[in-house]
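Open the model in your viewer and keep the sequence panel beside it. The stops below say what to select next and what is there.

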Amino acid sequence: MNYKDLADLMFPDAKEISYYEEKYPERNLKEGAIVTRIAPSPTGFTHIGGLYQGLIAKKLAQQTEGVFFVRIEDTDQKREVKNAVSEIVNSLIDFGIGPDEGMISEDGEKGEYGPYKQSLRKEIYQAYAKYLIEQGKAYPCFCTSKEVEEIREKQENAKIRPGYYGVWAKCRKLTVEEMIEKIKAGEPWIVRFKSPGREDKKIKHKDVIKGNVEFPENDQDIVIIKADGLPTYHFAHAVDDHLMRTTHVIRGDEWLSSVPLHLQLFQELGFRAPKYAHIAPIMKNDEGNKRKLSKRKDPEAAVSYYVEEGIPKEAVIEYLLNIANSTFENWRRANPDKSIEEFDLQLNKMSVSGALFDMVKLLDVSKTVISKMTAEQVYNDTLNWAEKYDEELANLLKNNKEYSLKVLGIERGNKKPRKDIGKWSDVKETITYMYEELFKKDETPYPYQVIQDKEAICNILNTYITKYYDEKDDKQTWFDKIKELSGEMGYAKEVKEFKQNPGKYTAHVGDVSTVLRVALTKRTNTPDMYEIMQILGKETIQKRFQKAMRE
RNA sequence: GGCCCCGUGGUCAAGCGGUUAAGACAUCGCCCUUUCACGGCGGAGACAUGGGUUCGAUUCCCGUCGGGGUCACCA
């Protein structure tokens, strides 16, 4: 009786590993090409951190003419959620980081290294587990969860390091004969890795992001095949990333402390280990404490949040790139119109500690992104958003396309475009007064400021529309006329003059403008009034003035 | 608690033994201007802390404190 007999008894149907080694050969890529992946669990929720990881992985692959693939880590059947794969894949595709290979829809996949869903790879893991057993590098463990629990309690009471290792690893010491006997007697078993490590020895590792780190060696005989026959994360990671020929493992830094184990697994399996890049998570300040963005507590943790709020995808991506490499900001300033594909992302420039998520900064990035768009783009994106989240706005835009394009085009397209829209949900507030059907319904009072006297206001409006306003005026003439009007009403024609002669005037041309603006829009702040009047047209202006004089 | 990682303005961050310690966002003031936004100029604001090493430490070493991670048949 030897290890081979034991292995055959445990996994009678498993193939030789050489079968898989041949089926999944080295990739034929150019020197330096990075093969990487994102490996989410299908929880039905795409986290902003996942998008961040995906973005980094995708950029790296794209920059080196490598491969970026998606693998689904669904070895924990308790956590299965319906349609979770499409949720993730669609988010990635929406944000422009669609995979080159792997899962591309709920059940669809592409590529020669599949299946890309771990639950479909059971036989592969078992083949490698069998191989380890044959080599005496893994063994069946018959401990019940209760027994493991008891061991742990003893260790805790004795204040020693918990875990299944050394003298505590009961089943490790069983003879092959005893193991076979137990299996034949029908005792349930799982498979444990026989760790060759010693806790009192150190292992040095160079992480692509974190740099040199030193850990004690792993000496835990961790579970590699669970009672349900599926592998644990650690084992699946080693087998999959080897067979899928991953060159760089990019993952959250909560995995950093598993590196000694993973390296050991690769070593014992006879695989070449990939490079590791452990990225710091995006954090949030919670009453003075930093913590990871949480699915439960923070709406902004969900990728869907940005979609719902109407923050453009490009803005989210740019913000994330900003966090990834602080050089991005300078690059963007130097190359305002280049595609982000041209930006060269560098792993070694990534921060080793987690950045606090900054919504204000994101919105600032977003305002800049939107300010560079054409009216047409703004129209289309806003309409797209509104069709899902704001029916009234959607109808407004659809029913008045040409008009809306003009409204959205105010002070857009010049060297110093407006930056007042940070997300599509801001649009409504900034444009509704331009539409008669909505303006008519507006019951709020007119917010007049310096000039409040009803008679004076009526006088200004009346005189302006009958005597001065002409749609054909250019901007300079238009404003000169408002100055003249101011003079005629007894106000200062220039603000400077007003300031230089305190007491001489009660108001100035700016205040007169404000009266016009308020009567026209019920707002004290608007974009350029000349353009507004041009778009509104004389007839509407008249109507609005009449309404203002009535109320 | 053990082990590991991290600690530059409110936030993101350059810096890698000698710097007036960049820049961006936020904030404040001024300018531009009919309002707002944009833009321009300027201000305030930081090397967690105590010891070393050194002619000299934000930079190197150690301790302390603080933050984070990890110690599953979850990933």
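**Stop 1: the open sheet**

Four strands make up an open sheet of mixed pairing, ordered β1-β2-β3-β4. Strands here are DSSP E runs of at least two residues and helices are H or I runs of at least four, numbered from the N terminus; two strands pair if DSSP finds at least two bridges between them. This is a predicted model, in which local features need pLDDT of at least 70 and side-chain atom pairs count only at pLDDT 80 or more, while totals for chains, interfaces and linings use all residues. Residues are numbered from 1 along each chain as its sequence is written, and chains are lettered from A and ligands numbered from 1 in the order in which they are written.

Select β1 and β2 (67–70): they are parallel, with four bridges. Val 70 in β2 is the bridge partner of Ile 38.

**Stop 2: strands around β6**

Select β5 (138–141) and β6 (190–193), an antiparallel pair with four bridges. Ala 138 has Phe 193 of β6 as its bridge partner. Two bridges also join β6 to β9 (223–225), again antiparallel, and Arg 192 stands opposite Val 223 of β9.

**Stop 3: the RNA**

Show RNA strand B. How many residues surround RNA strand B? There are 60, and the closest are Glu 73, Ala 227, Ser 351, Ala 355 and Gly 510. A residue is near the strand if its C-beta atom, placed from the backbone, lies within 6 Å of it. Elements giving two or more residues to this surface include α6 (145–157), β13 (289–292) and α22 (509–521). The largest share, five residues, comes from β8.

**Stop 4: Ala 386**

Go to helix α14 (375–389) and select Ala 386. Is Ala 386 buried or exposed? Ala 386 counts as buried because it has 22 C-beta neighbours inside 10 Å; the cut-offs are 20 or more for buried, 12 or fewer for exposed, and partly exposed in between, with C-beta atoms placed from the backbone. Beyond its neighbours within four places in sequence, Ala 386 is in contact with Leu 393, Ala 394 and Leu 397 (contact: C-beta atoms, placed from the backbone, within 7 Å).

Methods:
Two residues are in contact if their C-beta atoms, placed from the backbone, lie within 7 Å.
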